[in-house]
Amino acid sequence: MAMKQKLIMMLFAFVLSVTAVAQEKATPVNNETMIVRLAEIEVYPEYLKEYLQFANEVDRLSVECEPGVICLFPMQSAADSTQIRILEIYASEEAYQNHIKTEHFQKYKQGTMHMVKSLKLPTMQPLDPETMKLIFNKQK
């Protein structure tokens, strides 16, 4: 389990650095208000290809267009392609609430409801918030 946690944290650090560079609009990062989730999605196999198209579109548009969306990084299990994980980082609860009201999110949500077998949205706590600050500061 410790190795799995280390791998998740390394992936988390990598994604933060990549998405911070990709964002054109700078968003102040505050570890006290930031929301971090690892969405756990299982898709029905017959809808997988279509679901991935929806997911890629909403993730790209959200990061490009919404300053409060720090990261939406979708991943697919190598062992089971119907298992999708999305690392989600929002600047604040307000940024998240704004995100779920956008046209592109609503298109994704309404378009994929019948494709999703299960969905869990656990909120995560960074193990080392000080390191998160360093990651974001590297991108300045």
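Contact here means heavy atoms within 4.5 Å. By this criterion, Ser92 touches Thr33 and Ile35 in the predicted model, residues up to four places away in sequence not being counted. Ser92 is located in the loop that connects S3 and H3. Its relative accessible area is 19%; because buried denotes a value under 20%, Ser92 is classed as buried. The side chain of Ser92 also reaches the backbone nitrogen of Ala95, at 3.1 Å.

Ala95 belongs in turn to helix H3, which spans residues 93–101 and whose buried residues are Ala95, Tyr96 and His99. These residues lie on the same side of H3, because the arc they cover around the axis is only 100 degrees. Exposed residues, namely Glu94 and Lys101, are carried by the face of H3 turned away from this buried side. The packing partners of the buried residues of H3 comprise both strands and helices: strands S1 (35–43), S2 (69–76) and S3 (83–90), together with helices H2 (48–65) and H4 (103–112). Ile35, which is touched by Ser92, falls within the range of S1.

The average pLDDT is 83, and 74% of the residues score at least 70. Among the elements, the highest mean pLDDT, 98, is found for strand S4 (residues 116–120), whereas helix H1 (residues 2–22) has the lowest, 51. The pLDDT is below 50 over residues 16–26, a stretch with 18 contacts in the model beyond near neighbours in sequence.

Definitions and conventions: Residues are numbered from 1 along each chain as its sequence is written. This is a predicted model: local features need pLDDT of at least 70, side-chain atom pairs count only at pLDDT 80 or more; totals for chains, interfaces and linings use all residues. Side-chain values use heavy atoms; hydrogens and water are left out. Buried means under 20% relative accessible area, exposed over 50%, partly exposed in between (1.4 Å probe, protein chains only). Helices (H or I, at least four residues) and strands (E, at least two) are DSSP runs, numbered from the N terminus. The arc is that of the directions from the helix axis to the C-beta atoms. A polar contact is a pair of N or O atoms within 3.5 Å; within protein, one must be able to donate a hydrogen and the other to accept it, and residues adjacent in sequence count only if both atoms are side-chain atoms. pLDDT is the predictor's confidence in each residue, from 0 to 100.
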